[in-house]
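Colleague: Hi, I'm new to this one. Could you walk me through it?
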Amino acid sequence: MTPVSSHSPHGQSSLRTVQVLGGGNAGSSAHVRSLAAGLVARGVRVTVCAPVEADHAYDFSGAGAEHVHVPRSSDPASVAALRAVCADADLVHAHGLHASFRAVLALSGRRTPLVVTWHDRAHAEGARAHLLRLLERRVVKAASVVLGSTSALVDRARRTGARDARLAAVALPGRRPAVQKDDPDKLRPKVRAELGATGRPLLIAVGSLEGHRGYDVLLDASRAWRRLDPAPLVVIAGEGELRAELQRRIEDEELPVRLIGRRDDVAELLAAADIALLPSSWESRSVLAQEALHARVPLVATDVGGIPELVGDAAVLVPYGAPDTLADAVVRLLGDPERQEELRERGVRQAATWPTEDETVAQVLSVYDELTQPRPMI
């Protein structure tokens with residue numbers, strides 16, 4: 001039986017929530033879409049405030065929510081638009097730092113409960129990093145509850161001054177079934193041929209081409225793989241500001257690496273891969289790690305952020321910024337089929353411990369009810 005918000009008994013209006021989304025993070029956008037669908041199914045009225053591009057990509061209206069266009073900017077016009085939408089909300093739930101900061105400004109002077117979910121840590125250096133820390137402090141002190149997708153994010157919220165910070169692991173929404181290795185359409189050989197990996201190992205990395213992804217370290221590691229016969233091919237799916245710099249290195253150093261841009265067939269890419277790679281300097285609840293374990297693809301990842309908590313013993317973990325260690329770990333794994341199969345089996349077991357979308361929605365709704373239920377007078 002699907003639990004229903006206790007605010008929606010017969011004859012009473014249902015709980016009205018406003019979900020505030022910046023629109024810049026695919027993981028948080030997919031989570032809000034999943035959360036909106038689950039809340040609506042439980043009798044909650046949901047309004048999603050997000051850029052129109054996010055609604056086009058994630059179809060919040062199709063989930064039963066009302067969508068209101070609010071730009072990512074924190075200028076007075078955007079804050080005023082958000083404040084108007086939140087006027088009759090029972091609770092506001094903001095996702096990500098910048099969306100949360102806009103919600104804090106929009107709710108100034110009101111007693112509306114604010115829930116904040118931190119899906120990841122904001123990445124910046126220098127003066128911008130100092131500004132982000134100030135924003136974090138402002139947000140967590142204003143929030144009724146901060147939900148962190150990993151224990152590391154919960155700890156960070158508490159250190160920053162949150163009065164109530166809790167772990168709320170976010171389910172991987174809308175996961176498509178992995179393509180089977182023996183699929184009847186022979187998709188795996190087709191994908192490998194398209195990528196140029198016929199007759200050689202295929203290593204897949206997925207994520208935006210930004211500094212914290214650690215692709216510079218991955219390129220350093222790939223030098224060692226040139227000596228192997230056949231040399232593995234590293235394929236990186238993603239776009240970003242470092243594309244030109246990475247491509248220049250690949251060509252100048254003749255590295256066995258291909259940049260293939262942003263793709264919408266990550267499940268197929270993973271199903272064709274021998275190993276998935278995650279060389280980041282920081283990750284929270286990595287989508288790639290979850291997809292890899294679900295798809296039974298051995299994972300080599302850095303021992304940072306929320307990765308150890310997420311994967312347990314179902315991946316090979318290496319220090320960040322150690323290209324020789326990363327290279328050696330991949331070489332050993334490629335040469336050890338038994339270890340690969342062990343990781344596949346562990347991955348399936350580990351993935352079974354992660355929360356489902358239904359469990360994620362139920363946990364969030366329990367927080368909503370806690371913050372909005374009338375408390376008995378003593």
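Modeller: Happy to! Of the 378 residues in the chain, 51% count as buried. Keep in mind that this is a predicted model.

Colleague: Thanks! How many helices and strands does the chain have?
Modeller: There are 15 helices and 13 strands.

Colleague: And which residues touch the most other members in the largest nonpolar core?
Modeller: That core has 33 residues, and the ones touching the most other members are Val 18, Val 20, Val 92, Leu 114, Trp 118, Val 146 and Ala 157. Several elements each supply at least two of its residues, including strand 1 (16–21), strand 4 (91–95), helix 4 (97–106) and strand 5 (114–118).

Colleague: Which helix gives the most to this core?
Modeller: Helix 4 does, with six residues.

Colleague: Let's zoom in on Val 92. What does Val 92 touch, leaving out residues up to four places away in sequence?
Modeller: Among the residues Val 92 touches are Val 18, Val 20, Ala 103, Leu 107 and Leu 114.

Colleague: What does the second, separate core include?
Modeller: It has 31 residues, among them Leu 278, Ala 295, Leu 299 and Ala 315.

Colleague: Changing topic: what is the radius of gyration of the chain?
Modeller: It is 22 Å, which agrees with a compact globule, because a globule with 378 residues would have a value near 21 Å. The C-alpha trace spans about 75 × 50 × 40 Å along its principal axes.

Colleague: Last one, how far apart are the mean positions of the positive and negative charges?
Modeller: They are 5 Å apart, counting 46 positive and 48 negative charges.

Definitions and conventions. Residues are numbered from 1 along each chain as its sequence is written. This is a predicted model: local features need pLDDT of at least 70, side-chain atom pairs count only at pLDDT 80 or more; totals for chains, interfaces and linings use all residues. Side-chain values use heavy atoms; hydrogens and water are left out. A nonpolar core is a set of buried Ala, Val, Leu, Ile, Met, Phe, Trp, Tyr and Cys residues joined through side-chain atoms within 4.5 Å. Buried means under 20% relative accessible area, exposed over 50%, partly exposed in between (1.4 Å probe, protein chains only). Helices (H or I, at least four residues) and strands (E, at least two) are DSSP runs, numbered from the N terminus. Contact means heavy atoms within 4.5 Å. The radius of gyration is taken over C-alpha atoms; the globule rule is 2.2 Å times the number of residues to the power 0.38. Lys and Arg count as positive and Asp and Glu as negative; His and the chain ends are not counted. The place of a charge is taken as NZ of Lys, CZ of Arg, CG of Asp or CD of Glu.
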